[in-house]
Amino acid sequence: MDEMNMKGRFALVTGGSRGIGRAIALELASRGVNVAINYLRNKTAAMETARAIEEAGSRSLLLKGNVAQRDHLDRLFERIESEFGRLDILVSNAASGVLKSALELTERHWHWTMDINAGALLGLVQKAAPLMKKEEGGWVVAVSSLGAVRAIPHYAAVGASKAALESLVRHLALELAPQGIHVNAISAGVVETDALKFFPERDSILENSRKRTPAGRLTAPEDVAKAVVFLCSPMSDMVHGQTLVVDGGYSILA
Ligand SMILES: NC(=O)c1ccc[n+]([C@@H]2O[C@H](COP(=O)([O-])OP(=O)(O)OC[C@H]3O[C@@H](n4cnc5c(N)ncnc54)[C@H](OP(=O)(O)O)[C@@H]3O)[C@@H](O)[C@H]2O)c1
């Protein structure tokens, strides 16, 4: 039996149009998974990723909406239910956030970041779980970052939101494991995507990460995508509520 056989399953990847989410969507599609990709603004990128999913031989569904808004999630899931009729895999990958020193953060910055990066997982799982079938299992993977457990300049709001995300993953895993649903997180090392353009220290982050990573290179979007496949397969059947670090060993260093 091919333990990684996912053919015919249905997935939603939030923020699946660009960067890490795109790599996850394409990896799943290459394995025969039909993929709904959600995005916020950039329709051109979303359409291009949808086309690549179809080229891989899978069905795609384009879902524009803000994952932090419950009425948007209602609309997204109405489409998933009518077009797919079920959901097997949810990848909560979309993220945003305000990169400022903690003393400069306003209440609005804080809520914006927490709502998109942590709060969205709760709303997404509340909508997704009823569409997952107990006999076949369901899989939820949230994408986190090392800032959840470390301190990074200008990362106070995002780091705190990722810590909340990882905690929520544990609590959701506790509640959903009896229903055959696996909930886990992947914490990625530095990945060179558009998101990095917003970091004031972008160049030094990249250089430091390249130099320090024991595996000798940056984490690629595809590294994260392969870990998603592992966490959505019977190979990780007894893994519930964990955060798998995919960073080439960067975070093991003192
Ligand atoms: N890059 C890194 O170094 C790194 C490291 C560790 C963890 N991560 C995590 O990996 C995930 C993906 O990051 P990335 O670097 O691939 O980001 P990215 O290239 O900036 O892509 C972000 C994606 O999320 C979508 N998005 C943003 N806000 C959204 C919202 N409110 N509702 C729905 N969709 C939204 C964007 O859609 P539009 O195109 O429409 O804007 C886009 O598809 C995030 O959770 C991030 O924290 C990244």
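**Core, sheet and ligand shell of a predicted model**

Leaving aside neighbours within four places in sequence, V228 is in contact with I24, E27, V91, V141 and I186; two residues are in contact if their C-beta atoms, placed from the backbone, lie within 7 Å. The structure is a predicted model, in which local features need pLDDT of at least 70 and side-chain atom pairs count only at pLDDT 80 or more, while totals for chains, interfaces and linings use all residues. Residues are numbered from 1 along each chain as its sequence is written.

V228 is one of the residues with the most contacts inside the largest nonpolar core, a group that also includes A11, I24, V35, V140, V141 and V224. This core has 66 residues. A nonpolar core is a set of buried Ala, Val, Leu, Ile, Met, Phe, Trp, Tyr and Cys residues joined through C-beta atoms within 7 Å. A residue is buried if 20 or more other C-beta atoms lie within 10 Å of its own, exposed if 12 or fewer, and partly exposed in between, with C-beta atoms placed from the backbone. Another core, of five residues, lies apart from the largest one, and among its members are Y155, A156, A157 and A160. In soluble globular proteins, nonpolar side chains tend to be buried together.

Seven strands form an open sheet in the order β3-β2-β1-β4-β5-β6-β7, with parallel pairing. Helices (H or I, at least four residues) and strands (E, at least two) are DSSP runs, numbered from the N terminus, and two strands pair if DSSP finds at least two bridges between them. The edges are formed by β3 (60–64) and β7 (243–246), each of which pairs on one side only. From one strand to the next, the twist averages 20°; axes are lines fitted to C-alpha atoms, for helices over the stretch in contact, and angles run from 0 to 180 degrees between N-to-C directions.

Strand β1 (residues 10–14) pairs with β2 in the parallel sense over five bridges, and three bridges join β1 to the parallel strand β4 (residues 89–92). A11 takes part on both sides: its bridge partner in β2 is V35, and A11 stands opposite I89 in β4. Five of the five residues of β1 are buried, so this strand is largely enclosed by the rest of the structure. The buried residues F10, L12 and T14 lie on one side of β1, and A11 and V13 on the other. Strand β4 is likewise covered on both faces, with I89 and V91 buried on one side and L90 and S92 on the other. β4 pairs with β5 in the parallel sense over four bridges, and V91 stands opposite V141 in β5.

Helix α4 (residues 107–128) lies across β1, β4 and β5 (138–145), running at about 170° to β4.

The ligand is surrounded by 30 residues, of which the closest are G15, G19, N42, A95 and A195; a residue is counted if its C-beta atom, placed from the backbone, lies within 6 Å of the molecule. At least two residues of this shell come from each of α1 (19–30), β2 and β5, and the largest share, three residues, is supplied by α1. The shell divides into 15 nonpolar, twelve polar and three charged residues, where Ala, Val, Leu, Ile, Met, Phe, Trp, Tyr, Cys and Pro count as nonpolar, Asp, Glu, Lys and Arg as charged, and the others, Gly among them, as polar.

Three further residues illustrate local features. R18 is placed in the loop between β1 and α1 and counts as buried, with 21 C-beta neighbours inside 10 Å. Not counting residues up to four places away in sequence, R18 touches N42, A45 and D194. The C-alpha atoms of R18 and A46 are separated by 7.2 Å, although these residues are 28 residues apart along the chain.

H154 is found in the loop between β5 and α5 (156–176) and is buried, with 20 other C-beta atoms within 10 Å. H154 has a positive phi of about 65° although it is not a glycine. Most residues other than glycine have a negative phi.

R202 lies in helix α6 (residues 202–212) and is partly exposed, with 14 other C-beta atoms within 10 Å. Not counting residues up to four places away in sequence, R202 touches L196 and K197.
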